[in-house]
Amino acid sequence: MVRVAVLVSGGGTNLQALLDAQKAGDISSGSISLVVSSRPGVYALERAAQNNVPAETLARKKFAAQEEFDQALLKLLEQYRIDVVVLAGFLTILGPEVIQRYPNRILNIHPALIPSFCGKGFYGLKVHEAALARGVKVTGATAHLVNEEADGGPILLQKAVEVAPDDTAETLQRRVMEQAEWSLLPQAVELVCRKEGPLPRREEN
C-alpha cells in the first residue's frame with residue numbers, strides 16, 4: 001500500500017474529501033498515513049485526530065532558512081515512510097530538495113483552470129477574485145504534479161465550473177471546491193498512487 005502524506009495550512013476541507021474518498025474505497029491504492037500542518041491549532045489537525053491519522057505541525061517561521069525547513073520536512077516524511085505527498089491548501093513553498101526527493105510523487109490542487117490564474121501570488125480567494133475581475137464565464141480546478149515552478153507541473157486532471165452572474169469570491173470558491181476540487185483531488189491521488197507505487201527502500205536490519 002502506498003503511504004500518503006497530506007500537507008495542510010487551514011481547515012482541511014480537501015483533507016476531508018480525501019479521508020471520505022478513502023472510506024468509500026475511491027482511494028484504494030494509497031493510505032493517508034500522515035497529516036502535516038504549517039500552522040498549529042487549525043481544524044485540519046482535528047480532522048486528522050478524528051480519523052486516527054498521525055499529525056505533525058511544522059511551521060516555516062521556526063526555521064531560519066528554507067533548507068532547514070526542507071530537511072525537517074524530509075525527516076518527517078522518511079520517519080513515516082511516505083511515498084506520495086499531497087498539497088491540500090498548503091501555503092508554504094517546498095524547496096527543490098523536497099521536490100527532487102519525490103519526483104512525480106507530489107501533487108497539488110489549484111482552484112482554477114491552469115494556465116489561467118495561477119503562479120506566484122495566486123492562492124485562496126485571490127484566485128477567485130482574479131477570475132471575477134477578468135469576467136470569465138467558466139473557471140474550475142486543476143490537479144497537477146508539483147515541480148519547481150509555481151503551479152507549473154504536468155496537469156493530471158481538470159474540471160470546469162460555471163461562474164454565476166451574482167458570484168462573490170466566497171461563493172465561487174465554495175462552488176469550485178464542491179463541484180471540482182473535492183472530486184478531482186481523490187481521483188488524482190489514486191492515479192498517482194496506482195502509477196508510482198511504493199518508494200523502493202532499503203530493508204532495515
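Buried residues make up 48% of the 205 residues in this chain; buried here means under 20% relative accessible area, exposed means over 50%, and partly exposed lies in between, with a 1.4 Å probe and protein chains only. Before I go on, a word on what you are looking at. This is a predicted model, where local features need pLDDT of at least 70 and side-chain atom pairs count only at pLDDT 80 or more, while totals for chains, interfaces and linings use all residues. Residues are numbered from 1 along each chain as its sequence is written, and side-chain values use heavy atoms, with hydrogens and water left out.

Now the overall build. The chain has six helices and seven strands, taken as DSSP runs numbered from the N terminus (helices are H or I with at least four residues, strands are E with at least two). Starting at the N terminus, the order is β-α-β-α-β-α-β-α-β-α-β-β-α.

How does the radius of gyration agree with that of a compact globule? For 205 residues, such a globule would have a value near 17 Å, and the chain has 17 Å, which agrees. That radius is taken over C-alpha atoms, and the globule rule is 2.2 Å times the number of residues to the power 0.38. The C-alpha trace spans about 65 × 40 × 30 Å along its principal axes.

Let's move to contacts, meaning heavy atoms within 4.5 Å. Of the contacts between residues at least 6 apart in sequence, 68% join residues at least 24 apart.

On to salt bridges. The whole structure has five, each counted when a side-chain nitrogen of Lys or Arg is within 4 Å of a carboxyl oxygen of Asp or Glu. Let me walk you through some of them.

One pairs Arg 101 with Glu 97, with the closest N and O atoms 3.7 Å apart. These two residues sit four residues apart in helix 4 (residues 96–101), so about one helical turn separates them. Arg 101 is partly exposed at 42% relative accessible area, and Glu 97 is partly exposed too, at 31%.

Another joins Glu 190 and Arg 194, at 3.4 Å between the closest N and O atoms.

Finally, Asp 167 and Arg 175 meet at 2.7 Å, N to O. Asp 167 is buried, with 11% relative accessible area.
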